Amino acid sequence: MTERPIRVIGDPVLRTPCEPIREITDGVRTLVADLLETVDHEGRAGLAANQIGVSLRAFAWHLEDGVGYILNPVITDLSEETQEDDEGCLSVPGLWYPRTRAMRARCTGTDLEGREVVLEGEEIVARLIQHEVGHLDGHLYVDGLERSVRKRALRDIRGRF
């Protein structure tokens with residue numbers, strides 16, 4: 001396991017949709033170990049593979065009940081009820097903006113043995129699912145900000161990165 005450097009906004013890998021994992025190889029096992037090692041720090045809730053430079057559909061999380069991972073996640077349910085809270089990103093360090101997300105979310109995928117993994121929850125878990133799957137689709141959280149907030153965010157980003 002190796003803690004990997006986090007790619008920041010401006011790196012093209014963050015804007016490239018990730019490829020599905022079609023076969024469990026030693027490289028995929030190493031990726032999962034590195035994701036788990038890199039996300040397992042105070043203040044880190046989630047980490048997508050492309051944030052460490054790998055364009056494969058996988059992400060890891062670090063929540064109150066521990067760390068975990070999911071391969072080829074697909075969002076299968078989003079509530080109509082929404083939440084708004086400040087959101088940040090390891091790839092846009094130090095900048096937090098209000099972002100509306102579904103209050104509840106559910107995603108399914110697999111683990112390294114091909115067993116189904118289900119991650120679901122409300123509030124922070126729902127936000128994490130939407131945020132990380134967004135990364136895997138080539139999006140950053142700032143893309144979905146309300147227009148006036150997004151303008152401010154883009155100005156802040158230009159001034160910082």
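This is a dialogue on how to read some features of a predicted model.

Reader: How many residues of α2 are buried?

Author: Buried means under 20% relative accessible area. In α2, 12 of the 13 residues fall in that class, and the helix is mostly covered. The buried set includes charged residues such as Arg127 and Glu132, and also His131 and His135.

Reader: Which residues of α1 are buried, and what covers them?

Author: A general point on helices comes before the list. An α-helix has 3.6 residues a turn, so residues three or four places apart point the same way. In α1 the buried residues are Val28, Leu31, Val32, Ala33, Asp34, Leu35, Thr38 and Val39. Their cover includes the strands β1 (46–48), β2 (58–63) and β3 (66–78).

Reader: Is Glu84 buried or exposed, and what are its contacts?

Author: Glu84 is found in strand β4. Its relative accessibility is 56%, and Glu84 therefore counts as exposed, the cut-off being over 50%. Glu84 still has contacts outside its sequence neighbours: Pro98, Arg99, Thr100 and Arg127. Arg127 is one of the buried residues of α2. The C-alpha atoms of Glu84 and Met103, 19 residues apart in sequence, are 8.7 Å apart.

Reader: Now a loop residue. Where is Leu112, and which residues is Leu112 in contact with?

Author: Leu112 is in the loop between β6 (104–110) and β7. With a relative accessible area of 19%, Leu112 is buried. Leaving aside neighbours within four places, its contacts are Ile24, Val28, Arg29, Val32, Tyr69 and Leu71. Val28 and Val32 are among the buried residues of α1. Arg29 is 83 residues from Leu112 in sequence, yet their C-alpha atoms are 7.2 Å apart.

Reader: What should I make of the backbone angles? Which residues other than glycine have a positive phi?

Author: Most residues other than glycine have a negative phi, and most peptide bonds are trans. Two cases of positive phi are Asn72, near 50°, and Glu123, about 50°. Asn72 lies in strand β3 and is partly exposed at 22%. Glu123 lies in the loop between β7 (116–122) and α2, and is partly exposed with a relative accessible area of 47%. After α2 comes Gly138, whose phi is also positive, near 90°.

Reader: How many disulfides are there?

Author: A disulfide needs two cysteine sulfur atoms within 2.5 Å. By that rule the count is 0. For Cys89 the nearest cysteine sulfur, that of Cys18, is 13 Å away. For Cys107 the nearest is again that of Cys18, at 14 Å. Cys89 is buried, at 9% relative accessible area, and Cys107 is buried at 0%.

Reader: Last, the largest pocket. What is its volume, and which residues are closest to its centre?

Author: The volume is about 380 Å³. Of the 20 lining residues, the closest to the centre are Ala45, Glu87, Gly88, Trp96 and Ile124. The elements that give two or more residues to the lining are β4 (82–89) and α2 (124–136). By class, the lining has 6 nonpolar, 7 polar and 7 charged residues.

Key:
Residues numbered from 1 in each chain as written. Predicted model: local features only at pLDDT ≥ 70, side-chain atom pairs only at ≥ 80, totals over all residues. Heavy atoms only, no water. 1 Å grid on protein atoms, 1.4 Å probe; cavity = no way out; pocket = protein on both sides within 12 Å on 5 of 7 lines; lining within 4 Å. Points joined across faces, edges and corners; volume = space filled by probe spheres on them. Helix = DSSP H or I, 4+ residues; strand = E, 2+ residues; numbered from the N terminus. Buried < 20%, exposed > 50% of the residue type's maximum accessible area, 1.4 Å probe, protein only. Contact = heavy atoms within 4.5 Å.
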